[in-house]
Amino acid sequence: MPSVGITVLISGNGTNLQAIMDAIKDGKIQDAEIVQVISNRLKAYGLQRARDAGIPTDYHNLKKFGKEHPELANEDQIRRGYDQALADKILDNRRERSLVVCAGWMHVLSPVFLDSLEQSSVPIINLHPALPNAFDGIDALERAYHAFQEGLITKTGVMVHYVISEVDAGKPLVIKELDIARDETCAQLEQRMHSLEWLALVEGVQLAITNM
């Protein structure tokens with residue numbers, strides 16, 4: 001059976017992408033290869049990481065898309081068109097088995113995108129720096145840290161979950177908890193979270209492949 005073709009969506013430095021690349025190379029993720037990396041930010045260093053590894057890259061930005069399509073009358077039409085174009089980029093590289101991994105992707109995927117991939121049986125997973133049903137959406141780590149400072153929680157964590165229309169609410173594949181130290185700064189917590197994120201992401205990708 002052909003290997004799973006993975007599309008990785010990124011917006012930043014690409015350390016999560018690097019974790020996937022390293023895991024494939026080391027055999028921790030089996031029966032898979034990254035077929036493309038797509039970023040919505042031109043200067044995302046993750047694009048360079050991919051190019052250095054010989055992986056095809058693409059830049060797909062919402063504002064740029066809107067300027068290129070003046071026939072789209074409003075923000076809703078632009079967003080729907082953008083998300084459909086993103087889905088098309090992924091489906092153009094679809095294999096018998098394909099997977100989309102959101103690894104630091106800072107754009108909420110609309111039903112237009114999700115429905116297109118579901119109809120083609122392409123699962124989507126996302127890495128989120130919080131535990132299930134806690135701190136969904138942006139700035140999750142910062143909000144968790146402030147909740148700890150207020151005595152509301154003692155731990156946080158990361159999860160890898162399937163993507164659905166509700167933000168960060170899909171079925172979890174991997175959950176990893178992390179106790180918050182009383183004397184650590186938010187930056188120190190973030191650094192510890194990164195190491196946990198990489199472990200969770202590798203496990204989540206392999207589980208998603210196994211579940212196909």
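Angles under 35 degrees count as roughly parallel, over 145 as roughly antiparallel, 65 to 115 as roughly perpendicular and the rest as oblique. This is a predicted model, in which local features need pLDDT of at least 70, side-chain atom pairs count only at pLDDT 80 or more, and totals for chains, interfaces and linings use all residues. Residues are numbered from 1 along each chain as its sequence is written, and side-chain values use heavy atoms, with hydrogens and water left out.

User: How do helix 1 and helix 2 run relative to each other?
Analyst: Helices here are DSSP runs (H or I, at least four residues), and strands are E runs of at least two, numbered from the N terminus. The axes of helix 1 and helix 2 (residues 45–52), lines fitted to C-alpha atoms over the stretch in contact, come within 9 Å and cross at roughly 20 degrees, with angles taken from 0 to 180 degrees between N-to-C directions. The two helices, helix 1 and helix 2, are therefore roughly parallel.

User: Is strand 1 buried or exposed?
Analyst: Buried means under 20% relative accessible area, exposed over 50%, and partly exposed in between (1.4 Å probe, protein chains only). On one side of strand 1 Val4, Ile6, Val8 and Ile10 are buried, and on the other Gly5, Thr7 and Leu9. Seven of the seven residues of strand 1 (residues 4–10) are therefore buried.

User: Which residue of strand 2 is the bridge partner of valine 8?
Analyst: Strands pair if DSSP finds at least two bridges between them. Strand 1 and strand 2 (residues 32–39) pair in the parallel sense over seven bridges. In strand 2, the partner of valine 8 is valine 37.
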